[in-house]
Amino acid sequence: MKIGIIGAGNIGGNLTRRLTALGHEVSVANSRGPQTLTALAEETGAKPVTASEAAKGAQVVVVTVPLKAVPDLPAGFLDGAAEGVTVIDTGNYYPQRDGRIAAIEDGLPESRWTEQQIGHPVIKAFNGTYAQDILDRGRPQGAPDRQALPVAGDDPAAKQAVRDLIDELGFDTVDGGGLDDSWRQQPGTPVYGNRGDADAITKGLAEASPERTAEFRA
């Protein structure tokens with residue numbers, strides 16, 4: 001599969017490592033330019049590109065940049081993607097880093113805000129996952145210690161594509177509902193950073209409160 005990754009930080013870098021190892025054709029971009037991605041490209045075989053080029057021909061695009069950087073993504077960066085492209089949003093709102101985003105403070109789910117900024121539906125996944133776990137904690141299907149990740153979004157086909165990709169990476173998934181329900185996996189909720197199995201994640205989603213904890217409010 002052709003996959004574009006925009007953001008080469010901890011999550012983006014480790015997804016690049018795992019997805020190339022699984023045989024996917026990965027293009028990776030960051031805010032500083034492809035010349036700064038030489039080492040990652042040499043390590044993984046991924047193609048370093050600009051953010052404007054990352055989605056070209058891609059069936060899946062992963063947006064894994066700080067929320068404050070989302071409005072600065074190049075206009076039309078998804079224009080060259082494959083028809084029906086699935087966009088994964090891994091982002092979290094951290095006011096200390098991102099500044100105050102009024103709509104999110106007022107209760108808009110973080111991924112709904114990101115969707116509005118980029119003008120394309122997104123699937124929320126990997127946002128509560130430790131980056132190192134992407135490398136270290138993948139397990140075969142049926143393994144008793146297989147970790148589960150929540151996945152939220154409105155498009156059933158896109159959501160299934162993401163769940164299949166996560167399964168390939170070695171993790172179970174739990175349907176986190178539509179994007180309006182994605183607050184259940186935001187920072188401060190029971191599933192954020194939760195390494196539990198599908199039952200634990202299902203329970204955590206059910207127990208989430210829509211009220212942001214003080215730690216994650218501006």
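## An exposed proline

Pro210 is exposed, at 62% relative accessible area (exposed is over 50%, buried under 20%, partly exposed in between; 1.4 Å probe, protein chains only). Pro210 sits in the segment after α8 (198-207); helices are DSSP runs of H or I, at least four residues, and strands runs of E, at least two, numbered from the N terminus. Its C-alpha atom is 39 Å from that of Thr44, 166 residues apart along the chain.

## Basis

This is a predicted model: local features need pLDDT of at least 70, side-chain atom pairs count only at pLDDT 80 or more, and totals for chains, interfaces and linings use all residues. Residues are numbered from 1 along each chain as its sequence is written, and side-chain values use heavy atoms, without hydrogens and water.

## Nonpolar cores

The largest nonpolar core has 26 residues (buried Ala, Val, Leu, Ile, Met, Phe, Trp, Tyr and Cys joined through side-chain atoms within 4.5 Å). Among the members touching the most others are Ile3, Ile5 and Phe126. Helix α7 gives the largest share, five residues. A separate core of 25 residues includes Val63 and Leu73.

## Salt bridges

There are 15 salt bridges (a Lys or Arg side-chain nitrogen within 4 Å of an Asp or Glu carboxyl oxygen). Arg17 pairs with Glu43 at 2.8 Å. Arg17 is partly exposed at 28%; Glu43 is exposed at 52%.

Arg212 and Glu110 pair at 3.0 Å, N to O. They lie 102 residues apart, and both are buried. Lys159 meets Asp175 at 2.6 Å. Lys159 is in helix α7 and Asp175 in strand β8 (residues 172-175), so this bridge ties together parts 16 residues apart in sequence.
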